[in-house]
Each structure stands twice: as structure tokens, then as C-alpha cells.
Amino acid sequence: MSSPTTIAAVKGFRDVLPDEAGRWRDLEDAAARLFARYGCEEIRLPIVERTELFARSLGDTTDVVEKEMYSFLDRDETSLTLRPEATASVVRAYVESGLVQRDPAARLWYRGPMFRRERPQRGRYRQFYQIGAEVFGRDDPLADAELLVMLMRYLEHVGARDTRLELNSVGDARCRPAYRDRLREFGQRELAALCPDCHRRLERNPLRILDCKVEGCRAVVARAPVVLDSLCEPCRVHFDEVRALLDQERVPYVVNARLVRGLDYYCRTAFEVVGGGLGAQNAVGGGGRYDGLVAALGGPDVAGVGFALGLERLAMVAPGEPAAPAVAAVVLPLEPRAVRPALAFATRLRDQGMTVALEPAGRSLKALLRAADRRGARLAFILGEDELRAGRATVRDLARHADRPQALALDTPAPALAEQVQALLGSAP
Ligand code: HAM
């Protein structure tokens, strides 16, 4: 019989191995701590939602809704979707749970996987992870500025290198229709140079030509009128105040009048954090204001502003220090009779908060010491025949390749044992 073939992960779906997962945990922990200072509380959301939630909130002419969603019919014929982003879910939860009445100014942050069927490449996956935050119930520029200060402080705190905040205003329901018309007229004059998708976009939602990825379209779009020039007075005032507050807090940003976001729910403030050295997929995060979204999803007319960071890309611009080996000591039973006391010894140390590895019995001392070395441990506790007879474990200093004169009594009670081991570790080089 031939041996079974291995089964590979699905294209665009990847494993996050311990080194990377450790960094992700630090990034998430830092978010939990720092966001709390700004009044954000964590929300955990389902990964599956009704398809309609995204179709209605992200816009049915966006790339995400048109071609990137993982949607399927449940057994009862309901159309469900693996969430491509979480803002729509947060809004749904905020309305459905009644938070919108109990705590209209709720500030919620989240972390977790999102799913988009994009073409995989470096920094772009079909399952990727986000850390995001949403601030509700505030339509004043202070809320935007506070959120951006929090975002940029967070990036600084986790050591993100070479990132830039790009800021724009995309107008609101009052001034955008006029801009949309200008853009449509412009597009119609340039029709010959635009791709068939953009022809369709011009009819249904001209703004979407601004983020078309086709080279020819990008050249045309570079000459298109910009939304920043079409803002109404209240949008202009809002934008100026956001900028003034950021200037006051010395948060660096550049105004990018061509910045539009790939999702339809934004109004007024829109922004992206762009990372140098990331290649084509250089957006580490993005967000903005979405004042009509809560109402569009059946709630009251409550404002909102938020952002999401892509964790894979964040870990690339903020890789952190390589983690030191966590294992302080290894317990090495040389023979089967030593297994039980070895487990008891290791458990007592672990109960005291120490990271201790335990090897199986039955190998030579040399092989066991090699295993201990591979784990990066500094001390090994050896339990062989002599040790069992004497009731003491030999302490081997793995850095000096020598035994320590002090042996550890196997029946030492847990706290005292941990203290002795700490003292040994403290005196190791
Ligand atoms: P977004 O710009 O679609 O915004 O995604 C935010 C971030 O998620 C991106 O900047 C990027 O870092 C990461 N990302 C997106 N797609 C992928 C992918 N295929 N592979 C790897 N990373 C990816 C939103 O999702 C909005 N919900 C943000 C928001 C929150 N707006 C208001 N509140």
C-alpha cells in the first residue's frame, strides 16, 4: 500500500507558528492595555454573519462584496458569509444588544480573523487578522482626533518603523453627490482609457474608479478631480479641526487628497497608515468616520469612527525583539524509575511559575543533555540511580558544562525548591 499523501493548507490560508504567534500576542496585549486608557472595551464577535449585513454596509459595488466574500448557503438556505471585516459586525452587535441605548458612546475594540478571497501575495492573505476599534455616538472632530492619537501612540508603543499616517476627507451626504457627478463626467470623457469594470462603476458608483487596480485606469484617475476640493463648509470645518487637534498633539500625518477607502460606508475623515518596505500591500491599517452606518443597519442615527490594523502587516513593520528562550531548566530522568519523581519535581517548579521542560527516560545522559541544550535551558536536573538513592537531583550548569556542587533534595517543598532554583539561575552566567 502506498503511504498516504500529505494535505496542504488551502491557498491564501496560513499557519501562524509559535515565533510569530508570540509577537501577535504581545501586539494584542499592548492594544488591550493602551486602548483601555482611551475608554475602549473589548468585544468578541462571531466570524459568520448574514451575507446581507455586508452587502448593505460595505456597498454592493465594492470589490469586497462583488468578488471577495466567502459566502455559502446554510442548510436552511440562509446566505451566510465569513466576515470580510468587523465594523459591520460591531455595528450590528451595538444595535442588537441594546448598547446603542444603554451606552450610546460605547468604544469597542476587537481582534480576530477576517476573510477575503483576494489574490494571495506577500502581506495579502485570504484569512488575515485585524486589531480594530470603533467609537460610537460622537460626530465631533475631537472623536476622530482622539482615535488617531490612540492609533499613532499604539504604533509608536509597539515600535512600528517607517509608517506614515495619510489623512483625507471624503465628504458627506451633502457634498458627495456633487463630487460623484463631477467624477462621472470626468470618467465619461476618459471612457476609452478605462477598463470595462470602470465603465460599469461609472454608472453605478463612480467613486469606485478611484481604487481600480488596472494600470490604465490608475493613470486616468491620477488626473481626476479630488474629493477634498468638493467639500461642503461643515465638512471643511470638521477636517480643519481634526488637523488642528492632530497638529496640537504633534501627531505627524500627510494629507492625501486622493485617498479613498475601498468600502462605501465612510464619510468625512478617512485615513490609512502606510508602511515603507511592505511592497505593493503597504496599508498597515485604515479607517475613518461612518456616520450613516448605524442607521443604515436599522439603528438610530448615531455617528461612528474607527480603524483596523492588519496584524500580519503590523508584525512586519513592528517585529519586536526575538523572544529569549522561555525554558529555564530541564528535568532529565535517566531511567524508568526516575520518571515519577521527575514529574513530581517538574510539577512543583511549574506550580511556582517556572518554565520547566521534562524529557522522557531511556536515553543516555549525553543525549538528554543535548536535548536540554536545544531547548536553550540554563540548568538541568539529573535524576539517575545515584540521585534516587541519595534523594537529591544533580544540578548541571548547561552554560559551563559542569555540575554545580549543590544538589537539590527531591523532597524539598515547592516554595523552597523554587527559591533554590531561582538562586541557582541567578548565579548562572
Ligand atoms: P480595510 O482597509 O479594508 O478596513 O482593512 C484594514 C487593514 O486590514 C488593511 O489596512 C490591511 O492591513 C489589512 N488587510 C485587509 N485585507 C487584507 C488581506 N487580504 N491580507 C492581509 N491584510 C489585509 C477595514 O477593514 C475597516 N473595517 C476598517 C475600519 C474600522 N473602518 C472603520 N472602522
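**Figure 1. The second largest cavity of the predicted model holds about 40 Å³ of space.** The structure shown is a predicted model. Y38, C40, R107, V135, E146, L147 and M150 form the lining of this second largest cavity. Helix α6, which spans residues 141–157, gives the most to that lining, with 3 residues. By class, the lining of the second largest cavity divides into 5 nonpolar residues, 2 charged residues and no polar ones. Because Arg and Glu count as charged, R107 and E146 belong to the charged part of this lining.

**Figure 2. The largest cavity contains about 60 Å³ of space.** Its lining includes N168, Y179 and L210. Also lining the largest cavity are V221 and the residues P225, V226 and V227. A257, R258, L259 and V260 line the largest cavity as well. The lining of the largest cavity has 9 nonpolar residues, 1 polar residue and 1 charged residue. Arg counts as charged, so R258 is the charged residue of this lining.

**Figure 3. The count of cavities of 30 Å³ or more comes to 2.** The largest cavity has a volume of about 60 Å³, and the second largest cavity one of about 40 Å³.

**Figure 4. The domain assignment of the protein gives domain 1 and domain 2.** Domain 1 is made up of two segments, 18–174 and 231–317. Domain 2 covers 329–427. The C-alpha centres of domain 1 and domain 2 are 50 Å apart.

How values were computed:
Residues are numbered from 1 along each chain as its sequence is written. This is a predicted model: local features need pLDDT of at least 70, side-chain atom pairs count only at pLDDT 80 or more; totals for chains, interfaces and linings use all residues. Side-chain values use heavy atoms; hydrogens and water are left out. On a 1 Å grid over the protein atoms alone, a cavity is a set of points where a 1.4 Å probe fits but cannot get out, and a pocket is an open set with protein on both sides within 12 Å along at least five of seven lines; lining residues have an atom within 4 Å of a point. Grid points are joined across faces, edges and corners, and a volume is the space filled by probe spheres set on the points. Helices (H or I, at least four residues) and strands (E, at least two) are DSSP runs, numbered from the N terminus. Domain bounds come from an automatic or database domain assignment.
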